[in-house]
Amino acid sequence: MAHFAELTQDNKVVRVIVVNNDVITDPEGLEQESIGILFCQQLYGPDTVWKQTSYHERFRKNFAAPGYVYDAEKDAFYSLEAPAPDMEFDPETCKWKMKSIPVDKP
């Protein structure tokens, strides 16, 4: 199954839908994001904006979720808010991680 995220004009994720792989496969048997985008626009309107997302995080860094943003420069989905106060954003992986705690040497 393929997953597509609907974006607002400011690239916030509104929803994620599942699309059968057969729908996004071209005549040569290759999956094409552009075919999936057209399919989503047929369902939800031609003015809607869609990006494919990977459930297994094989591309675009993270699986999209409502409230996430899509960063075109990084070609990544991520949350703008830390899941916990002691976390920091890693701009390379676009994931939140625990802050490093300095350890005093004996």
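Is Y78 buried or exposed, and what is its relative accessible area? Y78 is buried, with a relative accessible area of 10%; here buried means under 20%, exposed over 50% and partly exposed in between, using a 1.4 Å probe and protein chains only.

A word on the ground rules: this is a predicted model, where local features need pLDDT of at least 70, side-chain atom pairs count only at pLDDT 80 or more, and totals for chains, interfaces and linings use all residues. Residues are numbered from 1 along each chain as its sequence is written, and side-chain values use heavy atoms, with hydrogens and water left out.

**Aromatic pairs**

Rings of Phe, Tyr and Trp (its six-membered ring) pair if their centres lie within 6.5 Å; planes under 30 degrees apart are stacked, over 60 edge-to-face, and the rest tilted.

| Pair | Centre to centre | Angle between planes | Class |
|---|---|---|---|
| Y70 and F77 | 5.2 Å | 50° | tilted |
| Y78 and F89 | 4.9 Å | 45° | tilted |

Y70 and F77 are both buried, whereas F89 is partly exposed at 24% relative accessible area. Ring pairs also join Y78, F89 and W96 into a cluster.

**Nonpolar cores**

A nonpolar core is a set of buried Ala, Val, Leu, Ile, Met, Phe, Trp, Tyr and Cys residues joined through side-chain atoms within 4.5 Å. The largest one has eight residues: A2, F4, I17, V19, I24, I37, C40 and W50. Apart from it lies another core of six residues, among them A5, L7, V13 and Y70.
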